[in-house]
Amino acid sequence: MSTTEQFTMFPGQMWEKVLAKVKRAVVFMDDKCAESLHWNGGAITLFEAGALNVKQFSSFESSGENEPKAVFVVSTLLKGRTVDIIKDIISLSHFQYCVVFTTVAHSVHLLANNVSVELEGKPVFEQLEEKLCEWMGNMNYTAEVMQAPVVFAPVSQQLLLAPAFAHLFPLLPPDLELINAKRPEKKRFGNISDVDMSSLPTNLQIEIKSLASALNSLFETTCTREESFAVGPMSRLIAAELTNHSQAKNRRKTAPNKASIIFVDRTMDLTGAVGHHGDNLVEKILTVLDLLPGHATDIQVDMMELTSLHSNKLSQGTVAPGCLAQTPSSPARELWEAMLNSKQKAAMMEVRRHLVEAASKENLPIKMSIGRVTPEQLCSYVQLFRSDWEALESHGGVLQLGLATAQTLRHPALPRWDACLGCQRLLLQALGDSDFPTVLRQLLPMMKPMSKSGPAGPGAQRPSEDCGPEEMILLLIFLYSLADEAQPWPHQGREEEEEEELEKTERELIGALTLVITQEAELSPLLQKITGCVSVEEVTAPLVQSALERVFETLRGLTLLRDHLKHLKSVYTGSDGVHQASYQPFLEQVLQEVFHPDHRDCPDLEHMSGGLTDLLKTGFSMFMKVTRPHPSDHPLLLLFLVGGVTPSELRLVRDVAAAHKPGSQVRSAPNTLSVGTSLLHPVL
């Protein structure tokens, strides 16, 4: 029987292929592979396997004369810029032996080179091997090129992430316009749900095929036959690609283990992605602390408090940052699991308990305290380890998580979290009581531009409780994702009048938000992406206004994303006079359908046919009763969130699955493993 342990062990098994080749080698690695390695033991595993050095995959890197072996690990196709960088590094070095690992399968390389049929051997890899020898200057030198799907990161016992696909996101209405613009008028798609694989841009096709290939390797290594289900247009494309994968047919015939995998588009529930409703410590840590450079998931923890240095601008960067990723067997990993799966209060108590236990083991003079956990209290415990280097090394993981918690709790931006939470609760009630333009206008007084001059001088900070432009954009997404469900709008007979009212309100919001953004002291990554500007000097009012008009076009499309569903159409429950209006997570509804004791069929969980037998069943079902596959048929269930998963949703999955264990329902729930392209959190 397949277990979650087998699947969480898979990423490490794939890295073993790389580790087997790094002895006496200089390793060059791109950021996406480095992030995967980060959660699979880190760079120390390469050095323990015999690597001489680890460097960034860059044209500006090289090795010395006494380093004749190189190993390249990349997450991209072996063509274009990637091959140019490999050539640059080799030309500046003195290699006699080169090994290149790519996470992209050879079959995808053929597609990228416009080859539509399978060829004998691996000609793309073989041609590059010849090129490598040529660049090294001797055709008798050794070159190897192979695939290693090192794309997954075991973030917890119940969660796998795929950092290499962190930017892969379901299609939105503006994407449909771009796709249709390149098609004849009679062949244009009416809905995102109608889009097929061949109509997508080539780069996106390659991404989807690469992901399907990586998932096939996952099931192949764990000897598992999967039943694929999909909710959402992008999920359907990925599930279909996995189902029709060229190597999957033989695997499904012989695999002894069985599992169900449900692909869910993140766009089915954007409310959950932008909401501040989660009572989760990790969600707040990911929100307020800076990401590690080049990473999409882990953050950097300031370790200055473990030194005698004073924290100021001069000392910044002197000490390497800490992080959340911990080795699997350490007490820190146990603490990390508790932080990820517990409510905030319980998680903070666990952090304090682990710090106290660590200090007690080292006989440090700790002062016990009970009651509320405070950042000052946690820091005082951490600082006890300052003068004891052996103790610091033994408990480094727990200390990093303790500091991450303390720095989050005292972060100046954290009050904004509570402000956004309160605002979202009020807006949730208002959606059921007022028309949509009226609710939108409630945001206008909150859009306060930052003054660049005044007592604080240039670059003044916004008051900690005030919402900035990023929070306003999140609130807009929150509202538009619920608008159509809360109150059908516009009302029949008043369409034209109410449409004009909405357009007027949107113009007011665009104007107010334009003023806010143009007066920002610096641009956050989100604002840089929206405006296309890197610095505030590039920002102009017309440019920002044009960008925001495109944002509002996308926002309008959010109201239609669940229209094709039959049962799971709404995540909003209105007030009934007794209970307040509430949000019900889409993922919770999916799991309730999966674990329902009646084993009922849900038409929104589309089963992807895996061969002639399934097609015959589909045909016979038109005139006779045929048992369709159900996600709860197998002992293991994988939930794949295309576009990312939030820490709050991880706890939700765990709680719902736990409530359906044997004895609690007629049918017991399968073991559940969450898989996501990234770990999401609101932006502050």
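Mentor: Helices are DSSP runs of H or I with at least four residues, and strands are runs of E with at least two, numbered from the N terminus. Helix α15 covers residues 375–383, and valine 382 is in it. This is a predicted model, where local features need pLDDT of at least 70, side-chain atom pairs count only at pLDDT 80 or more, and totals for chains, interfaces and linings use all residues. Residues are numbered from 1 along each chain as its sequence is written, and side-chain values use heavy atoms, with hydrogens and water left out.

Trainee: Why is valine 382 called buried?

Mentor: Buried means under 20% relative accessible area, exposed over 50%, partly exposed in between (1.4 Å probe, protein chains only). Valine 382 has 0% relative accessibility, so valine 382 counts as buried.

Trainee: What is valine 382 in contact with, leaving aside neighbours within four places in sequence?

Mentor: Contact means heavy atoms within 4.5 Å. On that basis valine 382 touches Leu306, Leu355, Leu399 and Leu403.

Trainee: What makes the pair of phenylalanine 7 and phenylalanine 219 edge-to-face?

Mentor: Rings of Phe, Tyr and Trp (its six-membered ring) pair if their centres lie within 6.5 Å; planes under 30 degrees apart are stacked, over 60 edge-to-face, and the rest tilted. Here the centres are 6.0 Å apart and the planes stand at 75°, so the pair is edge-to-face. Phenylalanine 7 lies in helix α1 and phenylalanine 219 in helix α8, 212 residues apart.

Trainee: Why is the pair of phenylalanine 28 and phenylalanine 72 called stacked?

Mentor: Their ring centres are 5.3 Å apart and their planes are at 20°, so this pair is stacked. Phenylalanine 28 is in strand β1 and phenylalanine 72 in strand β3; both are buried.
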